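This report describes one protein chain for a reader who has not seen it before. Please look over the sequence and the structure before reading on.

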Amino acid sequence: MLAAVIFMGGMAASLAFPTPAPDFGLVRMAQSVSQDDFSSGRTQVWKDTISEIKLSPIAGHGAGRFNKNMREKYGFDFNHPHQGILQFVYDWGIIGGIAAFALLIYLFWTGIRSALQDPVASRAFAGIAGLSTLGAVSMIDGPLFYPLSIFLALSFAAPLIAMRDRHELAA
């Protein structure tokens, strides 16, 4: 029930508050469904990113190089591939991508363990909901690229890790 109320509040806020630019927000997302390419070009970016990953699969292309490289080669101007896993593998190769993905799995696992140990704790619910939201959005966008989103992920995870440590110390 709480999650539903929060979801509806977020939807209302996204309609009521101005967006930072015309190409952001819920209204743009709704309008894109009626277009021929409702993915806003993401599927093509993903295909091109996979093609580039194949050129340097082990070490990647380096953090922060996506925009320049892809603009020169394919002509589009994105800061990241709009997909969390592709983002890490493009930047750091398979090795770095696996390491980053393992860290994210560890954060989620820590949250789930904390919630199971203290299932009524609102911090556990908030942390898991927040991490799950960021994880889901990162599969179609690039929230793990931006410092604010990384800070939010760490903010969601910190209480969960603290809860786990508190339970382990008590045991």
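## Terms and overall make-up

A residue is called buried here when its relative accessible area is under 20%. By that cut-off, F66, N67, N69 and M70 are buried in helix 4. The model is predicted.

The chain holds 7 helices and 0 strands, and its pattern along the sequence reads α-α-α-α-α-α-α. It has 171 residues, of which 32% count as buried. Among contacts with a separation of 6 or more, 64% are between residues 24 or more positions apart.

## Helix 3 against helix 5

Two packed helices are described by the angle between their axes and the distance between the axes. Helix 3 spans residues 42-55 and helix 5 spans residues 84-117; their axes come within 10 Å and cross at roughly 30 degrees. An angle under 35 degrees counts as roughly parallel, and helix 3 and helix 5 are therefore roughly parallel to each other. Their crossing is left-handed.

On the side of helix 3, the residues that meet helix 5 are W46, T49, I50, E52 and I53, and their partners in helix 5 are L86, V89 and Y90. By type, the residues of this contact divide into 6 nonpolar, 1 polar and 1 charged.

## The nonpolar cores

Which residues form the largest nonpolar core? This core has 8 residues, namely V45, I53, F66, M70, F76, L86, V89 and Y90. Two or more residues each come from helix 3, helix 4 (66-74) and helix 5. Helix 5 gives the largest share, with 3 residues. Apart from this core lies another one of 6 residues, including L131, L134, A153 and L160.

F76 belongs to the largest core. Leaving aside neighbours within four places in sequence, F76 is in contact with V45, D48, F66, M70 and R71.

## Helix 4 and what follows

The buried residues of helix 4 are F66, N67, N69 and M70. These buried residues pack against helix 3 and helix 5. An α-helix has 3.6 residues a turn, so residues three or four places apart point the same way.

Helix 4 is followed by G75, which has a positive phi near 85 degrees.

## The loop between helix 4 and helix 5

H82 lies in the loop between helix 4 and helix 5. Its phi is positive, about 60 degrees, although H82 is not a glycine. Is H82 buried or exposed? H82 has a relative accessible area of 11%, and the limit for a buried residue is under 20%, so H82 is buried.

Q83 also has its place in the loop between helix 4 and helix 5. With 13% relative accessibility, Q83 counts as buried. Which residues does Q83 touch, not counting residues up to four places away in sequence? They are W46, S138, M139 and D141. W46 is also one of the residues of helix 3 that meet helix 5.

## G41 and its distance to H82

G41 is placed in the loop between helix 2 (26-32) and helix 3. Its relative accessible area is 18%, so G41 is buried. G41 and H82 are separated by 41 residues in sequence, while their C-alpha atoms are 10.0 Å apart in space.

Technical notes:
Residues are numbered from 1 along each chain as its sequence is written. This is a predicted model: local features need pLDDT of at least 70, side-chain atom pairs count only at pLDDT 80 or more; totals for chains, interfaces and linings use all residues. Side-chain values use heavy atoms; hydrogens and water are left out. Axes are lines fitted to C-alpha atoms, for helices over the stretch in contact, and angles run from 0 to 180 degrees between N-to-C directions. Helices (H or I, at least four residues) and strands (E, at least two) are DSSP runs, numbered from the N terminus. Angles under 35 degrees count as roughly parallel, over 145 as roughly antiparallel, 65 to 115 as roughly perpendicular and the rest as oblique. A crossing is left-handed if the near helix is turned anticlockwise from the far one by less than a right angle, and right-handed if clockwise. Contact means heavy atoms within 4.5 Å. Ala, Val, Leu, Ile, Met, Phe, Trp, Tyr, Cys and Pro count as nonpolar, Asp, Glu, Lys and Arg as charged, and the others, Gly among them, as polar. A nonpolar core is a set of buried Ala, Val, Leu, Ile, Met, Phe, Trp, Tyr and Cys residues joined through side-chain atoms within 4.5 Å. Buried means under 20% relative accessible area, exposed over 50%, partly exposed in between (1.4 Å probe, protein chains only).
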